Structure formats: C-alpha cells, structure tokens
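Student: Could you take me through one part of this model closely, namely how its helices pack against one another? I'd like the geometry as well as the residues that meet.

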Amino acid sequence: MNFFDKYKEAFEEYNAMEKDFIDDDKIWKQLNRAENPSKIDVRKVLEKAEKKMRLEPEEMAVLIQNKDIETINEMYKLANKLKKEIYGERIVFFAPLYISSKCVNNCKYCGFRKDNKMVERRTLNMDEISQEVKIMVDEGQKRTVLVYGESPETTVDFMCDSIRQVYDTKCGNGEIRRANINCAPLSREELKKLKETGIGTFQVFQETYHHETYRKMHPEETIKGHYRWRLYSQDRAMDVGLDDVAIGALFGLYDWKFEVMGLLHHTIHLEEKYNGVGPHTISFPRIEPAIGTPYPSDTKYAVSDEDFKKLVAILRLSVPYAGMILTAREKPEVRKEVIPLGVSQIDAGTRIGVGGYKKSEGNKFPDKEQFQLGDTRSLDDVIGETCRMDNLTSFCTACYRAGRTGEEFMEVAKSSFVHNFCMPNAILTLKEYLLDYASNETKIVGEKAINKHVNKLEDEKIKNFVLKALERIENGERDIRV
Ligand code: SAM
Ligand code: SF4
C-alpha cells in the first residue's frame, strides 16, 4: 500500500462530517464583537477568572481585545496569582528526545519537511536511543517527550519499541520515569498500542486552527494535509482510554488572536465530549528559523514579545486547570518574563537534533535540527535560575505512575492536592537532582529553595514526612513520593 493511503479509509469518518468544531466565521465574530472593551468589561471577566472558572470564548475575546495598559497589568497579576494557587511555586522540567527526522510531509515552516535537502535524515536505532537516554539521565533528566516525524520507519510498533527502550534504560541512580509522545495523528488501533505500552501525555499540535491557512501550510496530497484527521487526534486518543492529551498551536502561521480562540474552542470541545476532561497541557510554540526553510522569516504573522506575554496570561486566565508548556524555542530573557504569567512546564538542557545529546554538548547543529533553539543553557543553569526565582524545579511523575490521569487528575487538580502532594514531590525530586547531578552553585541555591518551601508546608503531617524523606534521600534512597 502507498504510505500516503495509510489512513484513507479512516479519513472517511471526517470527510462525512458536515462541519467540525472550529467555525472560523464565528471566531472572528466573537473577536470583532469584543473590540475596544471598557475597563469595566475587562474587570468583569477577571472577576470570573479569579474564581478559577473556565472562560467562554466571548469572555476570552474581551481579554484578547484589551489594549488598556492598566487592566493588562491586572491580567498579568491575576494570571500569576492563579498559577501559584493552582500549581504552587514549582515548574515541572522535561527535555525532548528526537527519535526521527524522516518525514513524508511538507509543512512549509518545518526543517524536517520532505523537500528540505539541507537537513541530515536519521532515525535512531534502539542502541542509539539508549545512548541518548543515558546522557539525558546523567544530566539529571527524569521526564521526556519523544518526537517523531511521519514516515514508514516510524510505525506505531517502532514507537512502542522506542518507548520500552527509554523506560528500560537505567543509569546510576536515575532513569526516565515518564515518556510523553509528540507524533503525527494516529488511528484508534495505533493509539491503543501506545496506551498498552504506557505513555504519559499524547501530544499533537493543530499548528493553525484557521482552515484556509492550514491548507496553505500543509500540501493537500500529504497526510498532514487533512485538517480534521489532525483536529480529532485527541478525540481518538480519548476514545481508546488514552485520557492524557495535549493540544497546541504554532504561533506565526496566522493571527495569534484567532489561534488563542482556537485553543479555547478545542478545550471546550474536549470538555463537553469527555465528561469535563480537557487537555492535560497546552503548548504555544512560536515559529523559529529553520535551515533551508524560508517561511519562518517571511511570515507576516510573527508574534511580538508583548503579544506573546499577553496570550500566555490570557490562556492561564481562560483555562485555569490546563498545564501550560513554554519551550526552549524561547530565549532565556523571554522565558524569565513569561514563566510567571502562568507557565507550569518548561524544557531545559534541550537538544533537538536526532542524536543531539551525544553530539552537541551544548552546541547547535542546524543541519540536524528541526528549527533553531532560543535557550541552549544547560539543565543545571536553568534549575539554578529557577531556584533563584523562588520556584522549585519538579521532576515529579507521581500522578502518572499512580494512574491519576484524565478525569481523576482533573478532580485532584481542582482540590488542594497541589500543596499536599505536588509541592512535597517537587521538593523530593529536586533533592535527588541536587545530590546526584547539581553543580556546587546550584546545590547552594537549590538547598535554600528547598528549606524555604519545606517551611511553607502547612500540613504538619506532610511536613514531617517530607523532612524524614529528605533524610532518607541523603542516605541513598531514591524515588520516594507522596
Ligand atoms: N511530526 C509530528 C507533527 O508534525 O505533528 C510531530 C513532531 S513535530 C517535529 C513537533 C512540532 O514542532 C510541530 O507540531 C510544530 O508545531 C513544531 N514546529 C515545526 N516547525 C517549527 C519551527 N520552524 N519553529 C518552531 N516550531 C516548529
Ligand atoms: Fe514532518 Fe511534523 Fe515537520 Fe510537518 S512538522 S514536516 S509533519 S516533522
């Protein structure tokens, strides 16, 4: 069978639909109706957001259209407050592991697109995957997202083998404890296999929610050219019980205002269809230059740093219980400013070339990479900065390993769980990092941050458990969690 026909029959389900849940005209109407909101309009929406209620598109549109500096600052302040209340003063850390740069698609903006002759093509074999994982673990990583192009080499069986290989690779005191997946949309049968193998989050970015722009960016004859096959990826995952799903948009393909609304409509669609369970995380990558790929520097939709800050805060206010991921595509200065506006996860020590952990040692290798990274600092440097900013780095994987996903995760996220579980687990996983991998400088700021946050634990029982567990970790025990 021709590889391009792989999902031909499966596409029928979507071709037969009269419409999908993204109505471009309706989104523009919602945005246009909210133009020039008054301070009163904005504050009314902020009052609702403060109650940690998911906003409606009409309310989000008011925040998007707000140009008044005073109330924009109020938005930032509230986004920061919600982040602290819901997620605590901690940031979950991960690093991607690029498995294959081979791809049959031709997305205009991506360095891995089929027609790009300037990128070296490679798929890691199982030994190479182990070698990469060992380097990552040796740097202190505990969580990863495996990234694949779409090609006959990266079948779902290959993906399952690669996931098992990642989990089976041990090195010293460490191992990868959670592997998420970022790959092309899959069929339900394929997704079942991923679920059985045991993945964390299943992540697919819609890239752009705008139908016409999607068509322009993704040639029709490619698999990725099918908008709805991609739009309903998370539905198919949920249908087979893979209930930890992630959405995202690539900012710079179309008007950011529209894309943020698209992300909210997608969230609402999932919540309505799957018993209140929306996306586990939302990603909002901005387009970056990529070798042999003119599109990123030509786009008229590039998002400015100011608008980027605004859109991150608006997402935090609108979808309070979704995790928000800010990647190393962004420069350190931008990350520092944007993280307090609602980000709950970042990657650090990131390499995005296939085989990049082995090769790079911090250098850039554009002919192997999908795009150029903005933050090439080491994991240790970023952890040091995070601790100095009074946040804890967390490598916690407890919920996923205890099976608290989907509906169960949403329930705990909405209670005071974070302060009694997530903060203690952040403290314990950071302690492991400090003992096993940290530089002296990071050890000092890290210990300071741990002391401060242990003292902030309100529940005496939990505080005592944490103090004893810290001692046990000092004595050589690992992977203790609440
Ligand atoms: N091939 C799979 C797909 O397209 O869904 C998954 C992996 S792709 C390597 C991961 C994501 O990288 C894409 O979904 C896209 O949002 C992002 N990306 C592609 N080109 C980019 C660029 N030039 N700058 C920033 N992000 C980019
Ligand atoms: Fe392939 Fe994904 Fe890049 Fe598109 S974004 S060319 S599908 S790797």
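Tutor: Helix α3 (residues 39–50) and helix α4 (residues 57–65) pack with their axes 9 Å apart, at an angle of about 125°. Helices here are DSSP runs (H or I, at least four residues), strands are runs of E of at least two, and both are numbered from the N terminus. Axes are lines fitted to C-alpha atoms, for helices over the stretch in contact, and angles run from 0 to 180 degrees between N-to-C directions. The model is predicted: local features need pLDDT of at least 70 and side-chain atom pairs count only at pLDDT 80 or more, while totals for chains, interfaces and linings use all residues. Residues are numbered from 1 along each chain as its sequence is written, and chains are lettered from A and ligands numbered from 1 in the order in which they are written.

α3 and α4 are therefore oblique to each other; angles under 35 degrees count as roughly parallel, over 145 as roughly antiparallel, 65 to 115 as roughly perpendicular and the rest as oblique. The crossing of α3 and α4 is left-handed, a term used if the near helix is turned anticlockwise from the far one by less than a right angle, with clockwise giving right-handed. On the α3 side, Asp41, Val42, Val45 and Lys48 meet Glu59, Val62 and Leu63 of α4, where contact means C-beta atoms, placed from the backbone, within 7 Å. The contact of α3 with α4 divides into 4 nonpolar, no polar and 3 charged residues. In these classes Ala, Val, Leu, Ile, Met, Phe, Trp, Tyr, Cys and Pro are nonpolar, Asp, Glu, Lys and Arg are charged, and the others, Gly among them, are polar.

Let's stay with α3 and turn to its other partner. The axes of α3 and helix α5 (residues 69–87) cross at roughly 5° and come within 10 Å, which makes α3 roughly parallel to α5. Here Lys39, Val42, Arg43, Leu46, Ala49 and Glu50 of α3 meet Thr71, Glu74, Met75 and Leu78 of α5. By class, the contact of α3 with α5 holds 5 nonpolar, 1 polar and 4 charged residues. Val42 of α3 meets residues of α4 and also residues of α5.

Now for a pair elsewhere in the sequence. Helix α2 (residues 24–33) packs on helix α12 (residues 256–273) at an angle of about 115°, with their axes 10 Å apart. That makes α2 roughly perpendicular to α12, and the crossing of α2 and α12 is right-handed. Ile27, Gln30 and Leu31 in α2 meet Lys257, Phe258, Met261 and Gly262 in α12. The contact of α2 with α12 has 4 nonpolar, 2 polar and 1 charged residues.

As for the setting of these pairs, the chain has 22 helices and 11 strands. Along its principal axes, its C-alpha trace spans about 60 × 60 × 40 Å.

How values were computed: Two residues are in contact if their C-beta atoms, placed from the backbone, lie within 7 Å.
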